[in-house]
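Here is a friendly briefing to read alongside the model. Please keep the sequence and the 3D view open as you go.

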Amino acid sequence: GVGVGSGTGSGASGVDGKKKTDDTGGGTSEEDMQEYNSKLQEEFDYLTLWKKRCAFERTNPERLTSPQELAHRVRQAYKEMLCVLTLYPEAWHMWSMWEDTLPSSAGTSRGSSENRAIAVLQLGQGYIPDSTLLVQAHAQLVEIHASRAGVNKSDEGSNGGHAGSKPSDSLKVLEKYLERAPTSLGFCLYQRLVRRYKGVEAARAVFAKARRVLTQHGQGATGSSSGLEKQIAVGASAVPGVNGVTDSTGQDPIPGEDPVSSGTKDAGKRWMVTNRLDVSIGTGAASHTKVDSAPSLKRNNESASPDNTARPVIAPGPITWHLYACHASIEHRLNKSPEVAARIYELGLRKHASFLTKPPYVIKYAQLLLELQDTVNLRALLTRALAACGDSKNSEQLEALWDMTLQCEEMWSISDPTNIEVAISVE
């Protein structure tokens, strides 16, 4: 039976027989998850019904002959939907996209419909200030409208507020968002735009700023990297591909570390830090910082932070592996610097031990090492990642990691017969 624990077991001391599904011991039971999923499905079905209602109104079931009346009726349907689904970004996005595609025959000029589409997204951001998707849609509309106004210069006089606007004005949209709600996804989207309009160095500066602003969320660094974190926090050191600083030899130095002990040279190749990760990485969970799922709003007139920047309205989000993967992809594909990209992945593993338990991040790093033909570090990375992900519940992602390990071992066995046993054991 359930009964009261005697204290001699694994620590069960109460009568609660519910199974905990949170690895960190947060206390979410299976019953709570089932109730949450049922309510989520109920809300999804409700949203689907409202979508059908708006789609039905767009078909003009009343056979209205006036485009203005039809537009007013459809617009009213969207307003009614948002009265009950105010906190759904998808509902605001649907209304905005409809306004943007509204033909000029509906009684408004093209510029007026574009302004109305942006105004809908701005109104949605007022109700959902931390919605990155609404901000991204807003930035895309600003960019598209400015490009369209530049092509059709003859219509600039009728484009209202778009006269003289530039596609790079979309940067301001994301900048305002990051001031009030810094998130990893927001910085990734902003870095892509900065790389497009301002160049390589500006994009690297965005990555460095994101690592200073966002929180660690309990993802501690390993070993000697504690000194590295302090140096980066004050901006006194350079990270390869991050701050755009190199040493006298043209190599990107790793701050807070002895250049001799930071890596080993073998046939002209630098051994990655992956080989020096502690064996216990990924097996123990650090104490997670408590972050509210719905951050409370703060006053805009609060005192400034130590770096002389205004505090965000919403508390900064945690650093996720997507921030490092995004920057590494830009360095690899756009800047044509795969070595710098490898150091970015390496830096992510050094500063955030939990990244080793994220198969998507490990696979991206492994694919880069495979292109660089760094067999030693690739095998070490896959081995440690599999050991760290042993308790993972995401079987699909873990299966992809095993598949890549098997493919690599079989490929290496072609040139080295001793790898055949390894490939068989992995299989």
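A residue is called buried when its relative accessible area is under 20%, exposed when it is over 50%, and partly exposed in between, with a 1.4 Å probe and protein chains only. By that scale Arg53 is partly exposed, at a relative accessible area of 30%. The model is predicted, so local features need pLDDT of at least 70 and side-chain atom pairs count only at pLDDT 80 or more, whereas totals for chains, interfaces and linings use all residues. Residues are numbered from 1 along each chain as its sequence is written, and side-chain values use heavy atoms, with hydrogens and water left out.

**Salt bridges**

- A salt bridge here is a side-chain nitrogen of Lys or Arg within 4 Å of a carboxyl oxygen of Asp or Glu, and by this rule the count comes to 14.
- Lys51 and Glu90 form one of them through their side chains, at 2.3 Å from N to O.
- That pair links distant parts of the chain, with Lys51 in helix H1 and Glu90 in helix H3, 39 residues apart. (Helices are DSSP runs of H or I with at least four residues, numbered from the N terminus.)
- Lys51 is partly exposed, with a relative accessible area of 26%, and Glu90 is also classed as partly exposed, at 38%.
- Another salt bridge brings together the side chains of Glu57 and Arg53, at 3.5 Å from N to O.
- Glu57 and Arg53 are separated by about one helical turn because they are 4 residues apart in helix H1.
- Glu57 counts as buried, at 6% relative accessibility.
- A further salt bridge joins the side chains of Glu331 and Arg204, at 2.6 Å from N to O.
- Glu331 lies in helix H10 (residues 321–334) and Arg204 in helix H8 (residues 200–213), so this pair ties together parts that are 127 residues apart in sequence.
- Glu331 is buried at 0% relative accessibility, and Arg204 is buried at 13%.

**Buried residues and their partners**

- Glu99 belongs to helix H3 (residues 89–100) and counts as buried, at 0% relative accessibility.
- The side chains of Glu99 and Trp95 are joined by a polar contact of 3.0 Å. (A polar contact is a pair of N or O atoms within 3.5 Å; within protein, one must be able to donate a hydrogen and the other to accept it, and residues adjacent in sequence count only if both atoms are side-chain atoms.)
- Setting aside neighbours within four places in sequence, Glu99 is in contact (heavy atoms within 4.5 Å) with Arg75, Ser113, Arg116, Ala117 and Val120.
- His145 sits in helix H5 (residues 132–151) and is buried, with a relative accessible area of 1%.
- The His145 side chain makes a polar contact of 2.8 Å with the side chain of Asp100.
- Ala341 is part of helix H11 (residues 338–351) and is buried, at 0% relative accessibility.
- Ala341 and Glu331 are 10 residues apart in sequence and 5.4 Å apart in space, from C-alpha to C-alpha.
- Apart from neighbours within four places in sequence, Ala341 is in contact with Ala328, Glu331, His332 and Leu368.

**Nonpolar core and surface**

- A nonpolar core is a set of buried Ala, Val, Leu, Ile, Met, Phe, Trp, Tyr and Cys residues joined through side-chain atoms within 4.5 Å.
- The largest nonpolar core has 80 residues, and those with the most contacts inside it include Tyr78, Met81 and Leu323.
- Tyr78 touches Cys54, Arg58, Met94, Trp95 and Trp98, not counting residues up to four places away in sequence.

**The loop between H1 and H2**

- Asn60 is found in the loop between H1 and helix H2 (67–84), and its phi is near 60°, a positive value in a residue other than glycine.
- Arg63 lies in the loop between H1 and H2 and has a positive phi of about 55° although it is not a glycine.
- Is each of these two residues buried or exposed? Asn60 is buried, with a relative accessible area of 15%, whereas Arg63 is exposed, at 63%.

Methods. Helix = DSSP H or I, 4+ residues; strand = E, 2+ residues; numbered from the N terminus.
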